[in-house]
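Here's a quick walk through one model, starting with a helix and zooming out from there. Have the viewer open as you read.

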Amino acid sequence: MTSRPWFGALFAVSVVILGLVGCGRSEDDAGITIGYSTYTLSNPFFSGMLKGLQQGTQERGYKLVTANANGDPAQQVTDMQNLISRGVDYILLTPADGKAIAPGIAASDAAGVPVISVPDRVDQPIAVSVAMDEVDTGKKAGEFVTAAIAKKNGQPVGNVVQIEGVTGIPSAMARKEGFRSVIAQSPGLKIVASQDGGFDTDQSYKVMVDILQANPKIDAVFATNDAEAIGVTAALKSQGRYFPVGHPEHIILIGADGSKPVIEAIRGGVQDATMSLNPIKSAKKAVEVVADLQAGRQVSKEIIWPTQLITTENIKSPEVAAYGIWSDEL
């Protein structure tokens with residue numbers, strides 16, 4: 001997931017009210033308002049998230065109110081309190097910081113407003129979590145890097161770089177943990193640099209330029225999200241270290257999210273892979289959870305949303321088609 005300003009215009013307002021009335025809803029659905037509290041709307045991943053929420057609420061006749069904290073954990077707590085004051089029935093939450101959001105969750109509990117996190121977890125008890133297994137996401141990235149280096153070098157021996165995500169964001173820390181746990185299993189693989197890319201293209205570009213200048217030999221890079229991967233590619237090009245997939249000097253690069261620029265980079269042989277998270281479908285699942293809670297149906301406290309490895313080799317496969325390339329829908 002992934003997450004700070006990337007490219008394109010930022011949303012001009014923090015709070016958007018979408019009164020979408022669908023057809024085929026039950027009497028229990030009438031008048032239900034969902035508040036969505038997020039820490040950004042500028043990353044294309046969250047454009048997918050918002051589209052899924054809009055589709056899901058429209059289908060069920062719910063109202064949707066969206067609050068954007070613009071990366072500020074304290075503001076997100078205030079946003080949740082404001083959503084409660086506005087009378088929302090449920091809060092969907094994408095936390096800027098899994099710990100710092102505790103006062104907002106406490107306010108929701110006091111008001112009797114169920115909280116559903118998507119696609120990240122939080123550190124406090126909530127009604128339901130619709131989340132990817134982000135540790136597993138990192139592990140799969142590590143497995144891809146290990147196999148790709150072994151194919152390139154004849155064995156899993158080489159230098160690896162990790163561009164980390166924002167400290168405090170659960171997905172960033174979990175992906176880092178999962179990736180490192182796999183890389184550690186191959187003694188011949190060495191993480192020569194690991195720095196915070198801020199889930200941001202420009203920051204990752206600057207960080208990667210410094211890493212390239214300090215490390216003449218790099219075999220692979222794991223960028224914790226696709227915004228960072230774009231920055232890594234730009235840095236490789238600026239330093240004369242970019243070679244396309246398949247070239248003997250190509251530096252293996254995998255990201256995470258499945259955003260449009262990276263999908264096009266994979267199609268064009270610029271980047272090797274990404275871990276797609278499909279925010280459109282996961283957001284619609286979160287709205288489905290609201291409907292289940294509203295109807296009094298039993299709902300699991302934790303719903304794991306599957307991820308999909310997309311590579312230059314499988315991007316046209318039935319498996320990827322079945323999972324969906326969400327960025328093609330935007």
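Which residues of H1 are buried?

## Helix H1

This is a predicted model, and the buried set in H1 reads Pro-44, Phe-45, Phe-46, Gly-48, Met-49, Leu-50, Gly-52, Leu-53, Gly-56 and Thr-57. What do these buried residues pack against? Their partners are strands E2, E3 (63–68), E4 (90–93) and E10 (252–257), plus helix H9 (279–294).

H1 covers residues 44–60, and its length checks out: at 1.5 Å a residue, its 17 residues should span 24 Å, and the end C-alpha atoms sit 25 Å apart, so the two figures agree.

Just past the helix, Gly-61 adopts a positive phi of about 75°.

## Thr-33 in strand E2

E2 runs over residues 33–38, and Thr-33 is part of it. Is Thr-33 buried or exposed? Its relative accessible area is 14%, under the 20% cut-off, so Thr-33 counts as buried. Setting aside neighbours within four places in sequence, Thr-33 touches Lys-63, Val-65, Val-88, Asp-89 and Tyr-90.

## The whole chain

Zooming out, the protein chain has ten helices and 13 strands. Its C-alpha atoms fill a box of roughly 60 × 40 × 35 Å along the principal axes. For 330 residues, a compact globule would have a radius of gyration near 20 Å, and the chain comes in at 20 Å, so it agrees with that rule.

Buried residues account for 55% of the 330. The chain exposes about 13,100 Å², with 52% of that supplied by carbon and sulfur atoms.

Technical notes: Residues are numbered from 1 along each chain as its sequence is written. This is a predicted model: local features need pLDDT of at least 70, side-chain atom pairs count only at pLDDT 80 or more; totals for chains, interfaces and linings use all residues. Side-chain values use heavy atoms; hydrogens and water are left out. Helices (H or I, at least four residues) and strands (E, at least two) are DSSP runs, numbered from the N terminus. Buried means under 20% relative accessible area, exposed over 50%, partly exposed in between (1.4 Å probe, protein chains only). Contact means heavy atoms within 4.5 Å. The expected span of a helix is 1.5 Å times one less than its number of residues. The radius of gyration is taken over C-alpha atoms; the globule rule is 2.2 Å times the number of residues to the power 0.38. Accessible areas come from the Shrake-Rupley method with a 1.4 Å probe; for residues, only the protein chains shown count as cover.
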